[in-house]
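The sequence and the model are shown here.

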Amino acid sequence: MAFSVLIVDDCSAMQTVIRRILGISGFDVDACYFASDGEEALAILHSHHVSIVISDVNMPRLDGEGMLRRITEDKDLCHVPVVMVSSDATANRADRLLSMGAKAYLVKPFRPHEFRDQLERVLECVHA
Ligand SMILES: [Mg+2]
């Protein structure tokens with residue numbers, strides 16, 4: 001299944017890691033966009049077709065939580081699934097983001113197969 005992905009992280013090394021995991025997991029990525037904060041991500045979402053957003057939480061300017069709120073409140077963007085990736089392993093953080101509409105919450109560092117399983121689940125739900 002081909003799709004376009006937006007990877008949002010203020011750490012460029014993490015952007016690269018996620019892109020590589022997508023590749024080795026066999027996802028057929030048509031287009032991959034990168035943003036280093038929520039504001040940049042929203043600009044891309046408003047100008048490109050994006051199938052799924054994979055986003056860090058802690059970022060400058062607009063963090064992952066603020067970005068998620070803006071996406072879920074936007075009638076043009078609210079259908080785009082957002083997967084959060086964070087080094088914050090507290091259940092509170094994960095629960096809040098999931099209740100706000102995030103489709104998955106992965107704690108860094110994660111194993112590639114965990115990432116693949118979660119992403120497959122999210123994409124199946126979207127295309128069901
Ligand atoms: Mg960060």
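A residue is called buried when 20 or more other C-beta atoms lie within 10 Å of its own, and exposed when 12 or fewer do. The model to which this rule is applied is a predicted one.

By that rule, 5 of the 5 residues of β3 are buried. The cover comes from both sides: I52, I54 and D56 are buried on one face of the strand, and V53 and S55 are buried on the other.

In soluble globular proteins, nonpolar side chains tend to be buried together.

Apart from neighbours within four places in sequence, A41 is in contact with L6, V8, A35, V53, S55 and M67. The buried residues of α2 are G38, A41, L42 and L45. They lie on the same side of the helix, because the arc they cover around the axis is only 100 degrees. An α-helix has 3.6 residues a turn, so residues three or four places apart point the same way. The face of α2 turned away from the buried side carries A43 and S47, which are exposed. H46 also belongs to α2, and H46 counts as exposed because it has 11 other C-beta atoms within 10 Å. Between the C-alpha atoms of H46 and H79, which are 33 residues apart along the chain, the separation is 13 Å.

Some local backbone features deserve a look. Helix α1 has 13 residues and reaches 19 Å from its first C-alpha to its last, close to the 18 Å expected at 1.5 Å a residue. After α1 comes G26, with a positive phi near 85 degrees. A positive phi is also found at R61, a residue other than glycine, where the value is near 60 degrees. R61 sits in the loop between β3 and α3, and R61 counts as exposed because it has 12 C-beta neighbours inside 10 Å. P109 is in the loop between β5 and α5.

How many helices and strands does the protein chain have? There are 5 helices and 5 strands, and along the sequence they follow the pattern β-α-β-α-β-α-β-α-β-α. Of the contacts with a separation of 6 or more, 60% involve residues 24 or more positions apart. Of the 128 residues, 29% count as buried. The C-alpha trace spans about 30 × 30 × 30 Å along its principal axes. The radius of gyration is 13 Å, which agrees with a compact globule, because one of 128 residues would have a value near 14 Å.

Notes
Residues numbered from 1 in each chain as written. Predicted model: local features only at pLDDT ≥ 70, side-chain atom pairs only at ≥ 80, totals over all residues. Contact = placed C-beta atoms within 7 Å. Helix = DSSP H or I, 4+ residues; strand = E, 2+ residues; numbered from the N terminus. Expected span 1.5 Å × (residues − 1). Rg over C-alpha atoms; globule rule 2.2 N^0.38 Å. Arc of directions from axis to C-beta.
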